[in-house]
Amino acid sequence: MLTAPFPALGRDSLTTLQVNLGYRCNQACSHCHVNAGPTRTEMMDPATLALIPQVLAARGITSLDLTGGAPELHPQFRELVAGVRSMGVAVIDRCNLTILSEPGQEDLAVFLAEQGVTVVASLPCYLEDNVDRQRGQGVFGRSITGLQELNALGFGRDGSGLELHLVFNPQGPTLPPDQATLEADYRRVLAERYGLVFNQLFALANMPIQRFAAVLDQAGQLEAYRQLLHRSHRPENLGSVMCRQLISVDWQGRLFDCDFNQQLALGMLGQVQHLGDLLAWDPSGDAIAVADHCFGCTAGSGSSCGGALTV
C-alpha cells in the first residue's frame with residue numbers, strides 16, 4: 001500500500017504549451033499512455049486550433065510541443081507549424097518515425113527541415129526484436145529508414161541547426177537505466193550498424209496509467225510497479241519536473257498540468273480550464289494537481305518530456 005502522498009507543487013513561469021492534436025495514430029504501442037491508434041477519431045477542431053498562436057503570443061510562450069497520437073495526421077498540422085514558426089516560436093514534433101513513410105506523408109521530413117522543427121522521435125531500443133515486440137512488426141525497420149531520411153536532411157548533425165532527439169521507454173515495469181550510459185550505447189550501435197547520428201537520448205519512465213497500466217494489471221504487476229516508483233522517489237527531482245513550466249492541452253482545448261494528468265482527467269486547480277482562458281490569465285504561481293502517478297516523474301533519475309532530470 002502506498003502511504004505518503006506526492007509533495008505539493010506550484011507552477012513557475014510558463015514556457016511551453018504542449019498540445020495533443022488528436023488520438024489518431026498509425027501505430028498502437030503497448031506502452032502508449034493515451035491509448036492512441038488507427039481507429040481513434042478524436043481530433044482538435046479548427047476553432048480550438050486557431051487559439052494556439054493567440055495564446056502563444058498573449059503569454060509570451062517560447063515553445064510549442066505537438067503530440068498525439070501522431071500529431072502529423074491532423075489535417076492542419078503543417079498550417080499550424082508554419083504559422084507558429086513565423087512567430088519565432090520553437091516547435092517540437094513528437095514523431096513516431098514510421099509516420100514519415102505513411103502514404104501522403106512522403107514530403108513530411110522535408111517540411112520539418114524547412115520549418116526548423118525539433119524532432120523528438122520514439123525509438124525504445126536499438127535492437128529490432130525489442131522494438132517490434134513493443135510497437136509492432138516491422139516498426140524498427142521503418143524507424144531506421146525514417147532516421148536515415150532525417151539525417152540526410154541534416155537532422156542530428158553538428159552545425160545543421162536541426163535537432164533530432166530519441167526517446168527510450170523500458171519494455172516492462174522497471175526504471176530506465178542511466179541515461180548517459182544508455183545514450184552512449186545508442187550512439188555506438190546506431191552509428192556502427194546504420195550510420196545514424198542524433199543529438200540526445202531522452203530516457204523516460206513508463207507511467208502506470210491507461211494501456212500500460214492495463215497490461216501490468218493483467219500480469220499482476222501493477223501494484224509492484226507503483227511501489228517501485230514510490231520507493232524510488234527523489235525529492236531533488238521536484239524542481240525540474242515538466243509541469244513547473246508546461247501546460248498540457250487536450251484535443252478539445254481543455255487544460256491540464258501535464259500530459260499524464262490529461263489522460264487521467266485530472267484537471268488544473270487554478271482558474272484556467274480551457275485554452276481560451278490563457279488569453280487573459282497568467283497561470284504562474286498556481287498550484288499543480290498531483291497524485292500517485294507523479295512518482296513516475298521523480299523516481300530514480302527522474303524523467304520528463306526532456307528525459308532524465310538528474311544525470
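Predicted model: local features only at pLDDT ≥ 70, side-chain atom pairs only at ≥ 80, totals over all residues.

User: Where in the fold does Phe-155 lie, and which residues is Phe-155 in contact with beyond its sequence neighbours?

Analyst: Phe-155 lies in the loop that runs between helix H5 (139-152) and strand E6 (164-168). Setting aside neighbours within four places in sequence, the residues in contact with Phe-155 are Ala-109, Leu-112, Ala-113, Val-117, Val-119, Leu-150, Leu-162, Glu-163 and Leu-164. Gly-116 is 39 residues from Phe-155 along the chain, with a C-alpha separation of 9.4 Å.

User: Is Leu-162 buried or exposed, and which residues does Leu-162 touch?

Analyst: Leu-162 counts as buried because its relative accessibility is 10%, and the cut-off for burial is under 20%. Leu-162 is also placed in the loop between H5 and E6. Beyond four places in sequence, Leu-162 touches Ala-113, Gly-116, Leu-153, Gly-154, Phe-155, Gly-156, Arg-157 and Asn-199.

User: How should I think about nonpolar cores?

Analyst: As a general idea, nonpolar side chains in soluble globular proteins tend to be buried together. Here the largest nonpolar core has 63 residues, of which Leu-17, Ile-52, Leu-64 and Tyr-186 touch the most other members. A second, separate core has 23 residues, including Ala-205, Leu-238, Ile-288 and Cys-294. As for Leu-17, its contacts beyond four places in sequence include Ile-52, Val-55, Leu-56, Ile-61, Leu-64, Ile-247 and Val-249.

User: What does the backbone angle phi show?

Analyst: Most residues other than glycine have a negative phi. Leu-97 has a positive phi, near 75°, and Ala-265 has a positive phi, near 55°.

User: Where are Leu-97 and Ala-265, and is each buried or exposed?

Analyst: Leu-97 is in the loop between strand E4 (90-95) and helix H3 (108-114). With a relative accessible area of 0%, Leu-97 is buried. Ala-265 is in the loop between helix H9 (259-263) and strand E10 (287-288). Ala-265 has a relative accessible area of 63% and is therefore exposed.

User: How are aromatic rings described?

Analyst: A pair of rings is described by the distance of the centres and the angle of the planes. The structure contains five aromatic pairs. One of them joins Phe-140 and Tyr-194 edge-to-face, at 5.8 Å centre to centre and with 65° between the planes. The pair links distant parts of the chain, since Phe-140 is in helix H5 and Tyr-194 is in helix H6 (residues 179-194), 54 residues apart. Phe-140 is buried at 2% relative accessible area, whereas Tyr-194 is partly exposed at 26%.

User: Which charged side chains sit over a ring?

Analyst: Arg-78 places its charged end over the ring of Phe-111, 5.3 Å from the ring centre. Arg-187 places its charged end over the ring of Phe-198, 4.4 Å from that centre.

Notes. Residues numbered from 1 in each chain as written. Heavy atoms only, no water. Helix = DSSP H or I, 4+ residues; strand = E, 2+ residues; numbered from the N terminus. Contact = heavy atoms within 4.5 Å. Core = buried A, V, L, I, M, F, W, Y, C linked by side-chain atoms within 4.5 Å. Buried < 20%, exposed > 50% of the residue type's maximum accessible area, 1.4 Å probe, protein only. Phe/Tyr/Trp six-rings, centres within 6.5 Å; stacked < 30°, edge-to-face > 60°. Lys NZ or Arg CZ within 6 Å of the ring centre and 35° of its normal.
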